[in-house]
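Here is a short report on one protein model. Please keep the sequence and the 3D view open as you read.

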Amino acid sequence: MTMLQKRQDIFELFERVLFNWSIRHPGSGYVQGINDLLTPFVIVFLSDYAKTELSSAGELKLSKAITKEQLQEVEADVFWCVSRLLDTIQDNYTFAQPGIQNNINKLSSLIERLDAELHRHLLNHKVEYLQFSFRWMNNLLIRELPLRCIIRLWDTYMSEPDGFSQFHVYVCAAFLLRFKDGLMRQNDFHGLLMYLQSLPTHRWTNDDIEMVLAQAFQYKSLFSQAPKHLDYQKSDIH
């Protein structure tokens with residue numbers, strides 16, 4: 001991440017937070033991608049002391065210098081917020097990552113129920129949900145959305161019971177369906193996977209996120225009280 005490479009003090013902050021978290025959670029330890037989860041918190045807490053800007057290339061710019069004491073305050077806040085977040089999704093980062101596997105299966109079932117046409121299109125071209133949505137679950141959409149949108153999204157997650165562990169799956173379903181038209185225009189495995197790995201979200205604003213959230217709340221209202229509906233699998237997907 002360029003943000004880390006350009007600023008040694010921020011790099012060391014990330015390093016200490018991740019080291020201390022892994023020591024306190026020996027059953028998990030550090031898993032690649034956890035470092036991404038620190039970024040929104042770092043930006044939010046730094047903004048208490050200076051205007052922050054994260055370029056599209058990932059370079060962090062501050063309107064003024066941050067003192068050592070201020071950075072220590074940021075580090076403490078980031079550590080406890082990230083710890084609280086990870087406590088809710090710890091199954092994502094234990095051996096074999098069962099939390100992620102379960103959520104990917106749930107996403108597949110949701111799309112099959114919500115849009116069988118898109119579901120068949122993906123499967124008929126041999127695209128497995130694991131191939132594109134593992135990153136969505138592992139990094140909580142950080143690599144798919146601009147940071148401004150992630151901060152808005154996570155604000156909702158933090159206000160929802162099981163926001164990061166359960167509601168996130170409904171958000172991923174709504175997010176995927178926003179790109180149905182583009183996906184249906186792809187007629188081979190390579191085209192579909194390339195599109196899914198670089199979805200056109202760079203111009204997204206909070207309005208786009210709020211539309212996804214509204215749709216996700218609707219899906220949650222349909223399925224969260226009847227989870228057995230997501231065990232449904234059509235035998236004929238062709």
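## Basis and layout

Helices (H or I, at least four residues) and strands (E, at least two) are DSSP runs, numbered from the N terminus. This is a predicted model, in which local features need pLDDT of at least 70 and side-chain atom pairs count only at pLDDT 80 or more, while totals for chains, interfaces and linings use all residues. Residues are numbered from 1 along each chain as its sequence is written, and side-chain values use heavy atoms, with hydrogens and water left out.

The protein has twelve helices and two strands. From the N terminus, the order is α-α-α-β-β-α-α-α-α-α-α-α-α-α. Of the 238 residues, 49% are buried. Buried means under 20% relative accessible area, exposed means over 50%, and partly exposed lies in between (1.4 Å probe, protein chains only). A contact means heavy atoms within 4.5 Å. Among contacts with a separation of 6 or more, 74% join residues 24 or more positions apart.

## Confidence

pLDDT is the predictor's confidence in each residue, from 0 to 100. The average for the protein is 89, and 90% of the residues score at least 70. Residues 234-238 have a pLDDT below 50. Beyond near neighbours in sequence, that stretch has eight contacts in the model. Where pLDDT is low, the predicted coordinates should not be read in detail.

## The α5 and α9 crossing

Helix α5 covers residues 98-114, and helix α9 covers residues 163-177. Their axes come within 10 Å and cross at roughly 45 degrees. Axes are lines fitted to C-alpha atoms, for helices over the stretch in contact, and angles run from 0 to 180 degrees between N-to-C directions. The two helices, α5 and α9, are therefore oblique to each other. Angles under 35 degrees count as roughly parallel, over 145 as roughly antiparallel, 65 to 115 as roughly perpendicular and the rest as oblique.

On the α5 side, the contact uses Asn 103, Lys 106, Leu 107, Leu 110, Ile 111 and Leu 114. Residues from α9 include Val 169, Tyr 170, Ala 173 and Leu 177. The contact residues divide into ten nonpolar, three polar and one charged. Here Ala, Val, Leu, Ile, Met, Phe, Trp, Tyr, Cys and Pro count as nonpolar, Asp, Glu, Lys and Arg as charged, and the others, Gly among them, as polar.

## Buried sites

Helix α3 (residues 39-46) is mostly covered, with seven of its eight residues buried. Among them are Phe 41, Val 42, Ile 43 and Phe 45.

Ser 133 sits in helix α7 (residues 129-139). Is Ser 133 buried or exposed? Its relative accessible area is 0%, so Ser 133 is buried. Leaving aside neighbours within four places in sequence, Ser 133 touches Ile 104 and Leu 107.

## Exposed loop residues

His 202 lies in the loop between α11 (189-197) and α12 (206-223). At 59% relative accessibility, His 202 is exposed. Leaving aside neighbours within four places in sequence, His 202 contacts Pro 146 and Arg 148.

Most residues other than glycine have a negative phi. Ala 96 is in the loop between α4 (68-88) and α5, and is exposed at 51% relative accessibility. Lys 126 is in the loop between α6 (116-124) and α7, and is exposed at 60%.
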